[in-house]
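Dear colleague,

Please find below the structure that I am handing over to you. A short account of the findings follows it.

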Amino acid sequence: MKGQSFFILGLIFALIIAVLAVINNDPVQFNYVFGSQKWPLILIILTTAVFGGVVAASLSFVKIVQLRGQVKQKNKRIAELEEEIKQHKPVEPAVEEEPNQPATRTERAQL
C-alpha cells in the first residue's frame, strides 16, 4: 500500500511538472558556471526535475545498500547466538525452598 501511494504521488508530481513545462515554453536566459545560453523553459524545468530524481534515487540506493549490510550483520550475529544456545546444556531448575511458615497442628504433633 505504501508503494502505491508513493507511485501515485510521483505521477501527480510528474503531471504538475509536465503542465508547468508546457505552459512555460518561452526561451529564457540560463546562466551556468562557464557561460549562459537561451534555452526553452520547458527544457530547463524537465532537466532539473530529472536531475532531482536521479539524485534522490542515488541517495536512496546508498541507504538501501547500508541497510542490507546491517541486516546481514544482524542475521550473522543471530546465527552465532543460536549456535551458542544449542551448545549449552540445559540447566536444571533449582529447587525452591518453601518460606518459613508456622507449623500446623499435625506437624507439631510429629515433633
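A contact here means heavy atoms within 4.5 Å. Among the contacts in the protein with a separation of 6 or more, residues 24 or more positions apart account for 19%.

Two remarks on the source are in order. This is a predicted model, in which local features need pLDDT of at least 70 and side-chain atom pairs count only at pLDDT 80 or more, while totals for chains, interfaces and linings use all residues. Residues are numbered from 1 along each chain as its sequence is written, and side-chain values use heavy atoms, with hydrogens and water left out.

Helices (H or I, at least four residues) and strands (E, at least two) are DSSP runs numbered from the N terminus. The protein has three helices and two strands, and their pattern along the sequence is α-β-β-α-α.

Of the 111 residues, 4% are buried, where buried means under 20% relative accessible area, exposed over 50%, and partly exposed in between (1.4 Å probe, protein chains only).

One salt bridge is counted, defined as a side-chain nitrogen of Lys or Arg within 4 Å of a carboxyl oxygen of Asp or Glu. It joins the side chains of E80 and R77, at 3.6 Å from N to O. Both residues lie in helix 2 (residues 41–87), three residues apart, or about one turn of the helix. E80 is partly exposed, at 41% relative accessible area, and R77 is partly exposed, at 46%.

With kind regards
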